[in-house]
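Subject: A structure for you to look through

Dear colleague,

I am passing on a structure that I would like you to open and read alongside this message. Please keep the sequence and the 3D view side by side while you go through the notes.

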Amino acid sequence: MRESFNFNFDEIKESLEKAIKENQIKIDVFEKAINNYKKLGFELEKILEFAAKNAKDEDKVKLWALFYEISLQNISELCDRVKRYGESLKNSELYKRFYDEDKKVPRGIAFRILELTRLGKREEVFYVLLREFVNAQQELKHDLVNAFNPKYSIENFKILVYSFMSGLLG
């Protein structure tokens, strides 16, 4: 079941300003506002893609330009998320499968994923990563799965996987 998403900027702004004026600033409220703003970007991307596919002539060109603009912002956001996800997995069973702590070097499987990524082998990278997550009994989060979405170019796929690996191994 799809989660409902409502974003009323005026309402959020008013609530934040009121909290500031009353000196009752809560960081989690600001974090929630920022997360909702980021969700809005991904929703706009979907809507723009649909609109651009169905538009004609000059509108189609303008809508695709807007789609690419928001898409780049979303890729940047997704890179940050997958990197943080990789960082959050340090000291996990998955991390131990990718990094030899005794020798202080990445294991062969890490280099295999980096090489397959460099070659743009999206399906093989997904298979190897999924296998490692399953063997480590670790949850594979949706943000990382998004890296393998065919709507993203091979260059974007590489950037997303490298971001995850740099978070995990960095």
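This is a predicted model: local features need pLDDT of at least 70, side-chain atom pairs count only at pLDDT 80 or more; totals for chains, interfaces and linings use all residues.

Residues are numbered from 1 along each chain as its sequence is written, and side-chain values use heavy atoms, with hydrogens and water left out.

Helix packing

Two packed helices are described by the angle between their axes and the distance between the axes. The axes here are lines fitted to C-alpha atoms, for helices over the stretch in contact, and the angles run from 0 to 180 degrees between N-to-C directions. Helices (H or I, at least four residues) and strands (E, at least two) are DSSP runs, numbered from the N terminus.

Helix α3, which covers residues 57-88, packs with helix α8, residues 154-169, at an angle of about 30°, and their axes are 6 Å apart. That angle makes α3 roughly parallel to α8, where angles under 35 degrees count as roughly parallel, over 145 as roughly antiparallel, 65 to 115 as roughly perpendicular and the rest as oblique. The crossing of α3 and α8 is right-handed; a crossing is called left-handed if the near helix is turned anticlockwise from the far one by less than a right angle, and right-handed if clockwise. On the α3 side the contact (heavy atoms within 4.5 Å) is made by Ile75, Leu78, Cys79, Val82, Lys83, Tyr85, Gly86 and Glu87, and on the α8 side by Asn156, Ile159, Leu160, Ser163, Phe164, Ser166, Gly167 and Leu168. The residues of this contact of α3 with α8 divide into nine nonpolar, five polar and two charged, where Ala, Val, Leu, Ile, Met, Phe, Trp, Tyr, Cys and Pro count as nonpolar, Asp, Glu, Lys and Arg as charged, and the others, Gly among them, as polar.

Helix α5 (residues 108-118) and helix α6 (residues 122-135) pack at an angle of about 155°, with their axes 9 Å apart. The helices α5 and α6 are therefore roughly antiparallel to each other, and their crossing is left-handed. In this pair, Ile109, Arg112, Ile113, Leu116 and Thr117 of α5 meet Glu124, Val125, Val128, Leu129, Arg131 and Glu132 of α6. The contact of α5 with α6 is made up of six nonpolar residues, one polar and four charged.

Salt bridges

Side chains of opposite charge can pair when their charged atoms come close. A salt bridge is taken to be a side-chain nitrogen of Lys or Arg within 4 Å of a carboxyl oxygen of Asp or Glu, and by this rule the count comes to twelve salt bridges.

In one of them, the side chains of Glu77 and Lys38 meet at 3.4 Å, N to O. Glu77 lies in helix α3 and Lys38 in helix α2 (residues 27-54), so this pair ties together parts that are 39 residues apart in sequence. Glu77 counts as buried at 12% relative accessibility, whereas Lys38, at 23%, counts as partly exposed; buried means under 20% relative accessible area, exposed over 50%, and partly exposed in between (1.4 Å probe, protein chains only). Lys38 and Glu77 are also linked with Arg81 and Asp143 in a network of salt bridges.

The side chains of Glu93 and Lys96 likewise meet in a salt bridge, at 3.4 Å from N to O. Both residues lie in helix α4 (residues 93-98), three residues apart, which is about one turn of the helix. Glu93 is partly exposed at 47% relative accessibility, and Lys96 is partly exposed at 38%.

Arg107 forms a salt bridge with Asp100, with the closest N and O atoms 3.9 Å apart. Arg107 is partly exposed, at 35% relative accessible area, while Asp100 is buried, at 13%.

Single residues

Asn23, in the loop between α1 (9-21) and α2, has a phi near 50°, a positive value in a residue other than glycine. Asn23 counts as exposed at 65% relative accessibility.

With kind regards
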